[in-house]
Amino acid sequence: MSTTVEPLSERSAEEVNEEIRALWLRSGGTLSVEQREEYQRLVLEWAAAAPQSVRAA
C-alpha cells in the first residue's frame, strides 16, 4: 500500500484560473450546457490545485 500523495491536478491554480477566464470571455458571459460542464470541471481542478490558504479564504 502506497503512502505517497500525488497531486490531483498537473496544472497550477493560476493556469486553471486563466482557462476559466478564457472560457467566460469566449462565452460572452452566458455558458451553454457544454460550457457549464467544462466550467464545473475547471472549478474542481482549480480547487484541487489551489493552496490551502486560498481554499480557507
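These points concern the salt bridges in this predicted model.

1. The model contains four salt bridges in total. The points below take up three of these pairs, E19 with R11, R41 with E19 and E45 with R41.

2. E19 and R11 form a side-chain salt bridge with an N to O distance of 2.4 Å. Both partners are partly exposed: E19 has a relative accessible area of 23%, and R11 has one of 27%.

3. E19 also pairs with R41, here with an N to O distance of 4.0 Å. The cut-off for a salt bridge is within 4 Å. Since R41 belongs to helix 2 (residues 33–49) and E19 to helix 1 (residues 13–27), this contact ties together parts that are 22 residues apart in sequence. R41 is partly exposed, its relative accessible area being 43%.

4. Taken together, R11, E19, R41 and E45 belong to one network, joined by salt bridges that share partners.

Conventions:
Residues numbered from 1 in each chain as written. Predicted model: local features only at pLDDT ≥ 70, side-chain atom pairs only at ≥ 80, totals over all residues. Heavy atoms only, no water. Buried < 20%, exposed > 50% of the residue type's maximum accessible area, 1.4 Å probe, protein only. Helix = DSSP H or I, 4+ residues; strand = E, 2+ residues; numbered from the N terminus.
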